[in-house]
Amino acid sequence: MHASSNFKTTPYWWEEAPLSDINPNGKDLPKESEFVIVGGGFTGLSAALTLARAGEQVTILEAQRFGEGASSRNGGICSGNLKPSLETLVNIYGMDFAKKIYEEGVLARKFLADLIEEEDIDCDFKMVGRFSGANHPSHYDKLARESDYLNEKINLGSYMVSKQDQHDEIGSDLYFGGAVREDIGGLHPAKFHKGLLDRVKEAEVSLHSQIKVNEIVQNTSGCLVKTSYGDIKASKVIVGTNGYSNLSSMNWMARRIIPIRSQIIATEEMAEHVIDKLFPKRRMHGTTLNLYNYFRPAPNGKGIIFGGRSGADRDDPVRSGQHLYKQLIDIFPEIDGVKISHTWSGYTGYTFDHMPHIKQQRDIVYAGGYCGSGVVWAPWVGTKTALMLLGSSESKTTFSKSDFETRPLYKGTPWFVPPIIWWYAIKDKFGW
Ligand SMILES: Cc1cc2nc3c(=O)[nH]c(=O)nc-3n(C[C@H](O)[C@H](O)[C@H](O)COP(=O)(O)OP(=O)(O)OC[C@H]3O[C@@H](n4cnc5c(N)ncnc54)[C@H](O)[C@@H]3O)c2cc1C
């Protein structure tokens, strides 16, 4: 990282949309609530909005400040990506179900766009498209095959750009061409979270920050939600804790979610002509590496937001930032020396089958596992979870159908991630 950088270790997004505490440390905590939601990120807020608009009494309990999990830390790329390719899902589930899963992505992306418009949320949302650069010639061929298959089966309108033409998409020579998806956009995640939170407040949801749920006990008359500031009786509980599920000993969810740290750096502002050259269409960007990078221009069009793995899963934001800085300069050598203004990290929630899940266990519903693509999936899944508890015919989703798997002895500490990252780094070095 540039030696004279004077950077912050909080998210760039918090400058424009700072986080707030609401009724912290057990203030005005109700003794009873029809619905209790654990976690105040996109999942919890979307579920709460749907329930409250249906006239239900709802309480959200958040262990940190609202949004302090992944929802105000992410890259803001609205992909609704699924880790397994359509072809992989066809091999596992057969064509009909696999197509339904991918078609749900189309619906979820539209749902997000409609939600932002209908709720009048000011969050710099733009459908700018995404370019995925091929890091190896063989990756270009793989992208082309996947693109053809997606277009043939669900008409996504994906198209390839050759190395020769890639400067129309990105001011870099690192790639061997790439694929464009016009149906992907970007937003300012903390402004989106704040907008949702404002709507939830207006719907009179009871909101409480800095309160950790330690246990949920199910009995014949519903649930007893045990918190650090007393117990709350609830008929139903939604757990939307995703990558932060191991914050307490509520271990059903923690046993199914693999928290994986993702790191982001933001650059200082640059001249407009520089950004125009690097991002001619102001698109979102991705790569084909196993340890892939995601990046984009900042919504104000003046700097770069650049994310990826933090090296060997390091805790140190400076060393992790340096690791990312080197990758940024590999892509855009001409900005070597640009200063970093922010470096921060957060936890994404992966699952053992790399798919999101909704699982009802009597009066508790667990929702999460977006594998780094929750900007689109979390509002969709949170809303579906609420609709499910309301008994609505609109609640159908493929993510409630399959098993939310765990593995023997796994309790929420992903000891196996560092060796996997190490193996992925070797594969990336050789273009495998
Ligand atoms: C660095 C980074 C970059 C990312 N980039 C992208 C991107 O560009 N595009 C994209 O689509 N997705 C991205 N993601 C993923 C996306 O941010 C998440 O999938 C999404 O925000 C998940 O929302 P959520 O509400 O389920 O979880 P979160 O926002 O993580 O909220 C869960 C909340 O639960 C709370 N909690 C946990 N345990 C308890 C407890 N016991 N009691 C009370 N509260 C509790 C936590 O404090 C936390 O605030 C990124 C994630 C990270 C970390």
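At what angle do helix α2 (residues 86-93) and helix α4 (residues 137-154) pack, and how far apart are their axes? They pack at an angle of about 60°, with axes 9 Å apart. This is a predicted model, in which local features need pLDDT of at least 70, side-chain atom pairs count only at pLDDT 80 or more, and totals for chains, interfaces and linings use all residues. Residues are numbered from 1 along each chain as its sequence is written, and side-chain values use heavy atoms, with hydrogens and water left out.

**Helix packing**

- Two packed helices are described by the angle between their axes and the distance between the axes.
- The angle found above makes α2 oblique to α4 (under 35 degrees counts as roughly parallel, over 145 as roughly antiparallel, 65 to 115 as roughly perpendicular and the rest as oblique).
- Leu86, Glu87 and Val90 of α2 make the contact with Tyr149, Leu150 and Lys153 of α4 (contact means heavy atoms within 4.5 Å).
- Helix α3 (residues 95-118) also meets α4: their axes come within 11 Å and cross at roughly 95°, which makes α3 roughly perpendicular to α4.
- On the α3 side, the contact is made by Met95, Lys99, Tyr102 and Glu103, and on the α4 side by Tyr149, Leu150, Lys153 and Ile154.

**Around the ligand**

- The ligand is surrounded by 39 residues (a residue is near if one of its heavy atoms lies within 4 Å), and the closest are Thr43, Glu62, Gln64, Ser71 and Ile77.
- Ser71 has a polar side-chain atom 2.6 Å from an oxygen atom of the ligand.
- For Ile77, a backbone N or O atom lies 2.8 Å from a nitrogen atom of the ligand.
- An N or O atom in the side chain of Ser248 is 3.2 Å from a nitrogen atom of the ligand.
- Of the 1000 Å² of accessible area that the ligand has on its own, the protein covers 99% (areas come from the Shrake-Rupley method with a 1.4 Å probe).

How values were computed: Polar contact = N/O pair within 3.5 Å; in protein donor to acceptor, adjacent residues only side chain to side chain. Axes fitted to C-alpha atoms, helices over the stretch in contact; angles between N-to-C directions. Helix = DSSP H or I, 4+ residues; strand = E, 2+ residues; numbered from the N terminus.
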